[in-house]
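Subject: A structure to look through

Dear colleague,

I am passing on a structure that I would like you to read alongside my notes. Please open it first, and then follow the points below with the model in view.

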Amino acid sequence: MKSINIQNNTISLAEQVAIELEKLIQKNEFKKGDKLPNEFELAEILNVGRGTIREAIKILSSKNVVEIKRGKGTFVVEQTGILKDPLGLRFLQTDKLKLAHDLLEVRMMIEPEIAALAAVNGSSEDIIRLKEVESKIEKQIKNNESHEENDRTFHSIIASMSNNIVVPNLIPIIHTAVSIFIEVTENSLHQETINTHREIINALENKNSTDAKKWMIKHLEYNKIILDNLLKKNLLTD
């Protein structure tokens, strides 16, 4: 990589450096998961001081482009620019039960179609990964342990199987929906989760988009029943 001379009086030098680093990442000079050169090396590459590099790294970290791991260095994140809660859903001034319900409505709009695409575009390797994750979920449910992280992974894999470059950007919304649902329902669904997950996997493995969509709808409908019952109880006690 050649030294880059940065000159722009309209924004700070650190912001300019952050932009240049982001361009290098976009050009795959630094790939997802890569460790960035240290401050001294980056300062030479970009022809600026180490203090400016530190500020630029902070800017990129706030944008979820890089991740600072103490004692290890700075790394390009796997899903660059995608925040865990990009819509600030957890900070909405509303009842969490209502939020869980409305997020589920959004999931029902998009996830069945994502599953249908995944059935067409997914690979055998994807199916192997799904089965491994589902096996962990079943074990956690049977041991009465939290399966939240693996549940999010399950739906993330299906999203990536869609082979649609926009769909992965929706994953944080799905993740938030899964987390809040589990929180407000105190992890009420057990065998229903196992059964519908298995059927979704079977449909994806058989490349049956109709069944994949049908079973994803069924999976989400079980969630809706739980939430509707909780909402009714809340109305009765108000």
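In helix α5, the residues Asp-126, Ile-127, Leu-130, Val-133, Glu-134, Ile-137, Glu-138, Gln-140 and Ile-141 are buried, where buried means under 20% relative accessible area, exposed means over 50%, and partly exposed lies in between (with a 1.4 Å probe and protein chains only). Because they cover an arc of only 160 degrees around the axis, they sit on the same side of α5, the arc being that of the directions from the helix axis to the C-beta atoms. On the other side of α5, Glu-125, Lys-139 and Lys-142 are exposed.

Before going further, please keep in mind that this is a predicted model, in which local features need pLDDT of at least 70 and side-chain atom pairs count only at pLDDT 80 or more, while totals for chains, interfaces and linings use all residues. Residues are numbered from 1 along each chain as its sequence is written, and side-chain values use heavy atoms, with hydrogens and water left out.

The protein chain has 9 helices and 2 strands, which are DSSP runs numbered from the N terminus (H or I with at least four residues for helices, E with at least two for strands). Along the sequence they follow the pattern α-α-α-β-β-α-α-α-α-α-α. Of the 238 residues in the protein chain, buried residues make up 39%. Among contacts (heavy atoms within 4.5 Å) between residues at least 6 apart in sequence, 70% join residues at least 24 apart.

To return to α5, this helix covers residues 124-142, and its 19 residues reach 27 Å from the first C-alpha to the last, close to the 27 Å expected at 1.5 Å a residue; the expected span is 1.5 Å times one less than the number of residues. What covers the buried residues of α5 includes α6 and α8.

How do α5 and α6 pack, and at what angle? Their axes are 9 Å apart, and the angle is about 165 degrees, where axes are lines fitted to C-alpha atoms, for helices over the stretch in contact, and angles run from 0 to 180 degrees between N-to-C directions. That makes α5 roughly antiparallel to α6, since angles under 35 degrees count as roughly parallel, over 145 as roughly antiparallel, 65 to 115 as roughly perpendicular and the rest as oblique. The residues that make the contact include Leu-130, Val-133 and Ile-137 of α5, and Phe-154, Ile-157 and Ile-158 of α6.

Some loop residues also deserve a careful look. Most residues other than glycine have a negative phi. Asn-144, which follows α5, has a positive phi near 60 degrees. Asn-163, in the loop between α6 (148-161) and α7 (171-185), likewise has a positive phi, near 60 degrees, and at 62% relative accessibility it counts as exposed. Lys-207, in the loop between α8 (191-205) and α9 (209-237), has a positive phi of about 55 degrees and, at 46% relative accessibility, counts as partly exposed.

Leaving aside neighbours within four places in sequence, Leu-36 is in contact with Phe-30, Ile-57, Val-66, Thr-74 and Val-76. Of these, Thr-74 is 38 residues from Leu-36 in sequence, yet 5.6 Å away in space, C-alpha to C-alpha.
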